[in-house]
Amino acid sequence: MRRSRRAAVLAAFAALGLGATTTALAQPAAAAPAAPAAQVAYNGACGTGYKVVNSADIGTQGTVYLTYNSANGENCVVTIRKTTGSPIYMFSYLGVPETGDQQIDGGEYRSYAGPVYSYGQGQCIDWAGGIGGQETWTYGSNCGALTTTRVTKNGETTVRSKVAEPTTSRTGATADAR
């Protein structure tokens with residue numbers, strides 16, 4: 001079952017990357033209607049030396065974090081649920097397009113999915129997280145670009161937008177009880 005879910009998430013990633021038929025072009029975040037904040041504190045799951053360099057809300061369900069360890073050049077992604085509860089399908093995805101490396105952790109979890117790791121010093125990073133029917137994907141991130149593409153999916157609705165990258169977050173400078 002784990003492999004079939006992994007394949008489904010990778011297939012969804014490929015479909016979103018090619019522009020799904022339900023994609024709508026959104027205005028920059030400042031023009032978008034305000035949504036309830038889902039920001040959840042980073043839980044340190046990536047380990048010692050990893051600092052948060054980027055994050056994205058996953059609808060109202062939680063937050064996906066991209067972290068980086070400057071000592072070893074590795075990125076890490078963890079998806080954290082806003083409210084711990086009964087197990088629900090969650091995933092964390094991390095990809096380095098230049099090397100073709102893709103890491104994913106998906107399953108029925110209570111509080112978080114991941115961490116997943118990949119070497120990415122000096123590389124653009126694709127990263128994502130999902131909780132239930134809500135997903136957030138970020139492409140071409142943390143490589144010195146001023147903007148990146150973010151795709152947010154809530155059920156059948158998909159929104160593609162450009163978001164500003166944090167200026168201080170450049171890349172390159174568990175148990176089932178989760």
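**Entry 1: the cysteine link**

I started with the link between Cys 46 and Cys 76, which is left-handed, with -80 degrees about the S-S bond. One caution before I go on: this is a predicted model. Where in the chain do the two cysteines sit? Cys 46 is in the loop between strand E1 (23-25) and strand E2 (51-58), while Cys 76 belongs to strand E4 (residues 74-81). They are 30 residues apart, so I noted this as a link between distant parts of the chain.

I searched the whole structure for others and came back with one disulfide in total.

Are these cysteines buried or exposed? Cys 46 has 4% relative accessibility, and because the cut-off for buried is under 20%, it counts as buried. Cys 76 comes out at 0% and is buried too.

**Entry 2: the chain as a whole**

Stepping back, I counted one helix and eleven strands. The chain has 178 residues, and 43% of them count as buried. For the accessible surface I got about 8700 Å², with 55% of that belonging to carbon and sulfur atoms.

**Entry 3: the sheet around E3**

Next I traced the sheet that holds E4, the strand of Cys 76. It is an open sheet of four strands in the order E2-E3-E4-E7, with antiparallel pairing. E2 and E7 are the edge strands, each pairing on one side only. From one strand to the next, the twist averages 15 degrees. A reminder to myself: strands of a sheet pair through backbone hydrogen bonds, either parallel or antiparallel.

I then walked along the pairings. E2 and E3 are antiparallel over seven bridges, and Ala 56 stands opposite Val 64 of E3. These two strands make a hairpin with three residues between them, and Gly 59 in the turn has a positive phi of about 50 degrees.

E3 and E4 are also antiparallel, over eight bridges. Val 64 stands opposite Thr 79 in E4, and Tyr 68 stands opposite Asn 75. This hairpin has four residues between the strands, and there Gly 73 takes a positive phi near 75 degrees.

How many residues of E3 are buried? Eight of the eight are, so I put E3 down as largely enclosed by the rest of the structure. I checked each face separately. On one side Gly 62, Val 64, Leu 66 and Tyr 68 are buried, and on the other Thr 63, Tyr 65, Thr 67 and Asn 69 are buried, so both faces are covered.

**Entry 4: the nonpolar core**

Val 64 turned up again when I looked for the largest nonpolar core. That core has 16 residues, and those with the most contacts inside it are Val 64, Leu 66, Val 77, Met 90, Leu 94, Ile 125 and Trp 127. Which elements give two or more residues to it? They are E2, strand E3 (62-69), strand E5 (88-96), strand E7 (112-119) and strand E8 (125-131).

**Entry 5: the aromatic rings**

Last, the rings. I counted four aromatic pairs. Phe 91 and Trp 137 make one of them, with 5.5 Å centre to centre and 35 degrees between the planes, which is a tilted arrangement. Phe 91 lies in strand E5 and Trp 137 in strand E9 (residues 134-141), so this pair ties together parts that are 46 residues apart in sequence. Both residues are buried.

Tyr 93 pairs with Trp 137 as well: the ring centres are 5.6 Å apart and the planes are at 50 degrees, so this pair is tilted. Tyr 93 is in E5 and Trp 137 in E9, so the pair ties together parts 44 residues apart in sequence. Tyr 93 has a relative accessible area of 1% and is buried. Trp 137 is buried with a value of 1%.

I logged Phe 91, Tyr 93 and Trp 137 together as one aromatic cluster.

Notes: Residues are numbered from 1 along each chain as its sequence is written. This is a predicted model: local features need pLDDT of at least 70, side-chain atom pairs count only at pLDDT 80 or more; totals for chains, interfaces and linings use all residues. Side-chain values use heavy atoms; hydrogens and water are left out. A disulfide is a pair of cysteine sulfur atoms within 2.5 Å. Buried means under 20% relative accessible area, exposed over 50%, partly exposed in between (1.4 Å probe, protein chains only). Accessible areas come from the Shrake-Rupley method with a 1.4 Å probe; for residues, only the protein chains shown count as cover. A nonpolar core is a set of buried Ala, Val, Leu, Ile, Met, Phe, Trp, Tyr and Cys residues joined through side-chain atoms within 4.5 Å. Rings of Phe, Tyr and Trp (its six-membered ring) pair if their centres lie within 6.5 Å; planes under 30 degrees apart count as stacked, over 60 as edge-to-face and the rest as tilted. Two strands pair if DSSP finds at least two bridges between them. Axes are lines fitted to C-alpha atoms, for helices over the stretch in contact, and angles run from 0 to 180 degrees between N-to-C directions.
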